[in-house]
Amino acid sequence: MPRLVDVPGYARFWTASAVSAFGSQVTGLALQILTAVTLSASATEVGLVNAARWAPYLLFGLVAGVLVDRCRRKPVLVAMDLGRAALLGAIPLLYALDRLDIATLCVCVFAFGVLCLFFDAANHSYVPQLVPRELLNAGYARVGQADAVAGSTGPLIAGALIKLLGAPVAVLVDAASYLASGLLLTSVRAPDPVPDRGARRGLVSELREGVAWVYRHRTLASIALTSHLMLLFNTVVSTVFVVFALRDLRIGDFGLGVTYACAGLGGVLGGAFSGRVAKRLDVGATLIAGRLLAAVGWLPLVLAHRGPWALVSVSAAFFVVSGAISLESPVEMSYRQAVTPDRLRGRMNATIRSFNWGMVAIGAPLGGLLADHVGYRFALSVGLVGAVLQALALAVSRTREARATDEHEPLVPA
């Protein structure tokens, strides 16, 4: 049985992912504090900044998938990492020049999202080129665990950096992490063939082929559609959470760091058990169990009240939700790659992610508007109920039939 450590190029690829994941955790908290505290944004404005980060997925995601399938993937990864490093480095500079406001931050975050879109489309499609099929789940799980470890330590360190240097300067840490990641990826030596130019068709035809593959597939269709809804309602919760935690529960910046650290710890544990659970339950049951647990996991947050148990409640919610997502996510990711031909993987990944993160672009301002005009707890309850409903929809879908032995099927003609 081959091992991941013996796969050429994977160790450096994993290290690059881990480095950028750590920096992203710092920026994730820093941007929230920068928006809500430094720039004194309302819940609606916080939602708009979050929406700007993910709007490119909704606007350009399908086109990105087609373009990535036409290119070698490693050069795309390196270019996007270096571009993200330069863009994030501009945020503290703008702040120092007193040129940073909500509108300018939205522009910067939108451009950052465009680069992330192309990186993600290439990244998930590159892993099957590095890792044999029997190690795909483990390969994605290890990357997920690196993200979770970064999530458990990054927010605490981010909190210290923000307190010491301020939120704008803390963003520089992420800029440096993307620079390091890009340089590491340049040294990965793995097969990265040039796609056959003779197989190209028109942009629209290739785009339609990718969309049809996802939404006409026996099991991918229900996985994709419910994941869109999961991201929509989870974003409503996570957007409102920041303002709710700071202004209503009064857990403070350090409390936010602790909460995100607990989410990271849950992610580590979820990723550690992902492979074992998938072997015992198989793909379909693992995905359904993970989605249901992630949905009901928001309940302690919805019921939280100001006082000594506030931090415990929100930390428990993030621990459970993150653990459940990290349990099912590597299984879903490896299954998606296994049942999709290589020539369609870029489009498949970009199609699903574009609508997933497009839902974030909708859910973030929606959550902010519900919080500002109705109330924090109402907005959180909407997110909880919606998350439960999408999990139940997945449970009664054909995803129940998904098996680890499934192979890719012919595309159903339009």
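This is a predicted model: local features need pLDDT of at least 70, side-chain atom pairs count only at pLDDT 80 or more; totals for chains, interfaces and linings use all residues.

I started in the loop between helix H3 (73-96) and H4, where I found Asp 98. For helices I rely on DSSP runs (H or I, at least four residues), numbered from the N terminus. Residues are numbered from 1 along each chain as its sequence is written, and side-chain values use heavy atoms, with hydrogens and water left out.

**Entry: two aspartates**

Asp 98 has a positive phi of about 60 degrees, although it is not a glycine. Is Asp 98 buried or exposed? Its relative accessibility is 69%, so I noted it as exposed. My cut-offs for relative accessible area are these: buried is under 20%, exposed is over 50%, and partly exposed is in between (1.4 Å probe, protein chains only).

Asp 282 also went on my page. Its phi is positive too, at about 75 degrees, and Asp 282 is not a glycine. I located Asp 282 in helix H9. Asp 282 counts as partly exposed because its relative accessibility is 22%.

**Entry: Leu 265**

I stayed with helix H9 (residues 252-296), which also holds Leu 265. Leu 265 has a relative accessible area of 44%, so it is partly exposed. I then checked Leu 265 against Ile 251. The two are 14 residues apart in sequence. In space they are 19 Å apart, C-alpha to C-alpha.

**Entry: H1 and H4**

Next I took helix H1 (residues 10-38) and helix H4 (residues 102-130). Their axes come within 13 Å and cross at roughly 160 degrees. Axes here are lines fitted to C-alpha atoms, for helices over the stretch in contact, and angles run from 0 to 180 degrees between N-to-C directions. H1 and H4 are therefore roughly antiparallel.

Which residues make the contact? From H1 I listed Tyr 10, Phe 13, Leu 31, Leu 34 and Thr 35. From H4 I listed Ile 102, Leu 105, Asn 123, Tyr 126, Val 127 and Leu 130. Contact means heavy atoms within 4.5 Å.

**Entry: H2 and H7**

The axes of helix H2 (residues 43-69) and helix H7 (residues 203-215) come within 9 Å and cross at roughly 105 degrees. That makes H2 roughly perpendicular to H7. H2 brings Leu 62, Val 63 and Val 66 to the contact. H7 brings Leu 203, Glu 206, Leu 207 and Val 211.

**Entry: Arg 347**

Glu 206 turned up again when I looked at Arg 347, a residue of helix H12 (residues 342-373). The side chain of Arg 347 reaches the backbone oxygen of Glu 206 at 3.1 Å. Arg 347 touches Gly 65, Val 66, Asp 69, Glu 206, Glu 209 and Gly 210, not counting residues up to four places away in sequence. Is Arg 347 buried or exposed? Arg 347 counts as buried, because its relative accessibility is 5%.

**Entry: Ser 177**

Last, I found Ser 177 in helix H6 (residues 167-186). Ser 177 has 6% relative accessibility, so I marked it as buried. Leaving out residues up to four places away in sequence, Ser 177 touches Val 19, Ser 20, Gly 23 and Ser 24.

Notes. Helices (H or I, at least four residues) and strands (E, at least two) are DSSP runs, numbered from the N terminus. Angles under 35 degrees count as roughly parallel, over 145 as roughly antiparallel, 65 to 115 as roughly perpendicular and the rest as oblique. A polar contact is a pair of N or O atoms within 3.5 Å; within protein, one must be able to donate a hydrogen and the other to accept it, and residues adjacent in sequence count only if both atoms are side-chain atoms.
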